[in-house]
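Please keep the sequence and the structure in view while reading.

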Amino acid sequence: MPRHPALAIVFQLEYVFSAPMGTDLKGTVTSTSRTAFMQCLRWAVWCPFSGSSSSASEEVHLQLLGGPVPNPYDVMCYTVPNKGQIDTEMRDEKAVLKFSFVSSAEKAPYCPRVARRQESTGDKQMNRRSQSPDESNLQVQVSQSQGPRLSISQLATTSRYPTLSHSTGSPWQQQYPSQLYPSLLASTHQLSHVERLGASSIAHLEMSMSDVHQTPVKPEPHPQDEEPALQELPFTPVHAPVIALGTQTAGPTSHSSRSSLAHLFSAGFPDIQDFSGQAAEVLDPGEPVNFNPQREEADPLQSDTLILQFLAFSRVPQAGVPTDWPRSVHLTFQLYRFPPVTTQRLQLLSPDMSGKKSALDYPCVLALINKDGTVNSASPGLQLQFPVDSGVIKLGERKWFLRYLALHSLQIDVWDSESLLLIGSAAVELKHLLRQGRPAVQITHELEVITTEYLQDVNMPSGHRPGQRAVPPINVFTTVKGRLHVRLGNVGRPSKRRLGHNTALPPSRSHVVHTNDGLRQFSGGSISAKNTFNRNVRNVSRAQRLVETDGDLASLLRSKMKERAGPITLRDSEQEEIRQRKLARMMAVRQYEQQRDDAGTQIRPNTSSMWRREERLQFSKDLQLIEAYRERSKVEGITNMLSKVITTEHTVYATLGTIEFFEFVLKNPFNVQQTITIESDDPELSVIVSTEEWRYLKELNKTSTPLEENMFHLRENSSTPQIYLRPKESVNIPLKYQTFISGHAIPTQAPSSLRSGKSPQVAQKQQTNTIQAKCIKVTFKAQDGKPLAICQVNVEPAPHVIDQTFRFYHPELTFLKKAIRLPPWDPVPGVPVGGTDASFPVYVRCSDPNVICETRPLAAGEPQDVYLKVAGGPSPQIKKFFILVFIDHWMAAPAQIWQVYVHFLQRVDISCVAGQLTHQSLVLRGTQVVRKVKCHASHPLELQVDPAEVFVLPPAAVQDVQVAVRPLRPGCKFVYMNVVDVEQHQLVACWLLCVNVRPPIITKAFEIALPVGGGKGSNKKITYTNPYPTTHAFRLLSDHPDLLQFKEDSFEVRGGQTYTIGLRFAPSQSPGAEEILIYINDLEEKNEETFCINVRYR
């Protein structure tokens, strides 16, 4: 607020009237079909910075005015009561507004009255949330940010985000730090199963309001017969967002012991050697990387070969899966701008441990599986090479590749090759691959493979009590599924580019395109193919036969010469055409002489003359046809030649979401002024009409060309820009190309069939184009509509870098609604992104126009979320798209690019009791061919499938699949089930089983205290009496098999007899308490009784 004596603040007191809609006024006051309108009661004007105004430390008393007197808003106001109608003291008390004014430079003193008023206002807001929408009493609260038209309060709900850990590291940092330290990110990536919960109902609505930031104008009163629109409240929906932090990267510590590491590296993995055959330098993951960009640029080995070796996989005991899971895996990832990689199947070779130690303490070496199913144990591990040389990266791209290694991590998805289910994801930092002048480096990591699961507690209420925050009923937690052992290496090699060649483009001229005026291109002389080899071919054109340029004309010509010489073909050079013509003439002369000698009479010459006459007639008809074609194509040919003269070509290497900026030098060749109209064939290539955006892109691309304010004029009813040029004047036209449309080809989940062998696999050099290559023309037209210059932009696509990958599983034919929370970031040093304020604007774009992607503006310091809404397809469809996150106002380059996969599955709801077996039938439909399939579940110990083995699925047949579910813990969990073709390794069908587990009825409860660190554990006994008069057999189960084991898993007892159950409790190394349930079931897995044991570790 400017401190000026002329500044005035206008206060207006309004009253809200509510009336039923229509002419029938006999409706009840609680009718929902009602309208509201406002009427001014009093108004006042106050100048806070005038000399007569009170200071900030005093309370302001302002007299409110009314009646038929002029007011700032020119609205009708209620009249002031007469002196005889009401007492003067009461009138003054009713018409005085009391408040305290504090400027931003001052601090308001503590006032008990104001504090009590704020507390009462907070209590009123809490009570207002607890009211139902049908209540008729509207509570009105005055807001300081409301304009004169605002009478109903703008209610802002508090944030209901669950408490989730955030990292202090910044994924947005763009400048190279001097030292790159190990990452300490929390393992909060890929909360892919967190559903966005439904928001609670809003009990308060708001009427239409004008913009509070605009200058007040004369308002139009609402007619009583029209219902005003409702204003959206600043409401924050209740949801559990997905954290965009990436998976946990490798740290300085290792989970494996020295003995297990010695066993691992005794398998004989291939060594990483430098260009001269020496072993690469081994780096420590715990040490920071000293990065010097100048040292990388001065390195004589400018080509790199990245080597990825996948050595072994360590299993981690999981609940609901067997101890030998998984038996085979395959990996998917994408490195830099290389195509996405899907490795072949890798078998986990269990170590042969004859000693006392368990095999789970040692990692399983990975071995390639051949096409015939045999295991290639002679070559352990899998090695992939990615050459980064002149054939992969373009000129001047090496600095961006080094930036990628310094600041990015490689995300690796680990899949179960048998079930095609995702095991988890791992991430490894690539900063240690910076060689810093060394010939070769290598580093070994032990990565945690992490997945995200969630469990909903049925005992937790879905709503919330008034006055309390809503707690999300879904408990989200991450689980370590295993550990992946990888070795990374970077081997430097000499560059294939010639020495002394500059690898960087001139920054001041690489973005300036000069006009081709067609002059000084041809100095005369012959225009044969040899002389025009090094000339500008756009300004040189050799005459060609029409039959060589027009295929339709060549098919119509039926001359005798064509029949003798065969079909006319296109020749490559003029010399070959002359040679063929001479040979044809010589052959015709020899045939004529041979016919004259053989005949010996006058008949042959007459026949020859007739043949010649017919040939001339045919040639005449062909010439007439050629003349008609020539007249038809003359105008078009001349126009094309003239267009080539004024056409200037420019090539841009475009990536997804990045602005390719350049300036086109346009010159007016006439001696009179011209108003040039600029038209583009493609909306993705446009003219930059904003001066601020032009200045920002010039600074970003370091283009030192003049900048002019207000250079363009937009035509009426159109967005086509126009520019005024003086005679012989030249100006720079700023152009930009930016696309958000990308190819969405889905890579297969099945392992690839790369050939196996001892030789390492080398990645393909061709890159997958995510955007389409195209040719766009920008035409600069004069006032007469004729083109003055043409800029032809050839778009060459370049793959983009994927920063993070998300996978979501959702029921088919429904909308997926997700919220991805952005992590906090630091200011970008050296890049103008809109000032020095730490709160950066966040903008998002999606590569799929059918996906709704948006952000909502929040206050500084509040967590920012990206909201998604995706329409679901049929199962097992997979939808892929990219999300681009920008932190600059002009969206010049994305700060992050996310790759999102949405798997749509058939949803089946199953309701059961914990510890009891429940059956469900699924329908499996056959495809067009016969397949051998097998069913796989994500929790095989809790879900049994019948048939469990491989079976034949006939084409277009219907197969019943029986599913038996026996969860051990109450709550709501999700189980995934895939049907896989065992021969082709393809996904045939998939289900999302939503299992709602109710808690059992507890019949007995026990309590036991166990010492902490009890060595081998503790043995206890409990008794069970058979309530039946006959002999029955029973089975025992526990919801914590890792803490409690039974002496016998099943027993048989006579009617009315008592059986002693032996219990063995596992030792605990930390104090605490745990509740363990014991399920006693019959032979049909029906729950007979449930015991509860409260174990306290002291």
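The chain has eleven helices and 52 strands; helices (H or I, at least four residues) and strands (E, at least two) are DSSP runs, numbered from the N terminus. This is a predicted model, in which local features need pLDDT of at least 70 and side-chain atom pairs count only at pLDDT 80 or more, while totals for chains, interfaces and linings use all residues. Residues are numbered from 1 along each chain as its sequence is written, and side-chain values use heavy atoms, with hydrogens and water left out.

Of the 1098 residues of the chain, 43% count as buried, a word that here denotes under 20% relative accessible area, calculated with a 1.4 Å probe on protein chains only. Among contacts (heavy atoms within 4.5 Å) with a separation of 6 or more, 75% are between residues 24 or more positions apart.

Lys431 is found in the loop between strand E17 (422-429) and strand E18 (440-456). Lys431 counts as buried because its relative accessibility is 3%. Lys431 and Ser409 are 22 residues apart in sequence, and their C-alpha atoms are 8.2 Å apart in space.

Attention now turns to a sheet. Strands of a sheet pair through backbone hydrogen bonds, either parallel or antiparallel. Five strands form an open sheet in the order E45-E52-E51-E47-E49, with mixed pairing; two strands pair if DSSP finds at least two bridges between them. Strand E45 (1004-1010) and strand E49 (1050-1053) stand at the edges with a single partner strand each, so one side of each has no neighbour in the sheet. From one strand to the next, the twist averages 25°, an angle between lines fitted to C-alpha atoms, taken from 0 to 180 degrees between N-to-C directions. Within this sheet, strand E47 (residues 1032-1038) and strand E51 (residues 1072-1081) run antiparallel and are joined by four bridges. Leu1036 stands opposite Ile1080 in E51.

A cavity is a set of points, on a 1 Å grid over the protein atoms alone, where a 1.4 Å probe fits but cannot get out; a volume is the space filled by probe spheres set on the points, which are joined across faces, edges and corners. Of the 14 residues that line the second largest cavity, having an atom within 4 Å of a point, the closest to its centre are Tyr809, His903, Leu905, Asn978 and Leu987. E37 gives the most to this lining, with three residues.

Note on methods: 1 Å grid on protein atoms, 1.4 Å probe; cavity = no way out; pocket = protein on both sides within 12 Å on 5 of 7 lines; lining within 4 Å. Buried < 20%, exposed > 50% of the residue type's maximum accessible area, 1.4 Å probe, protein only.
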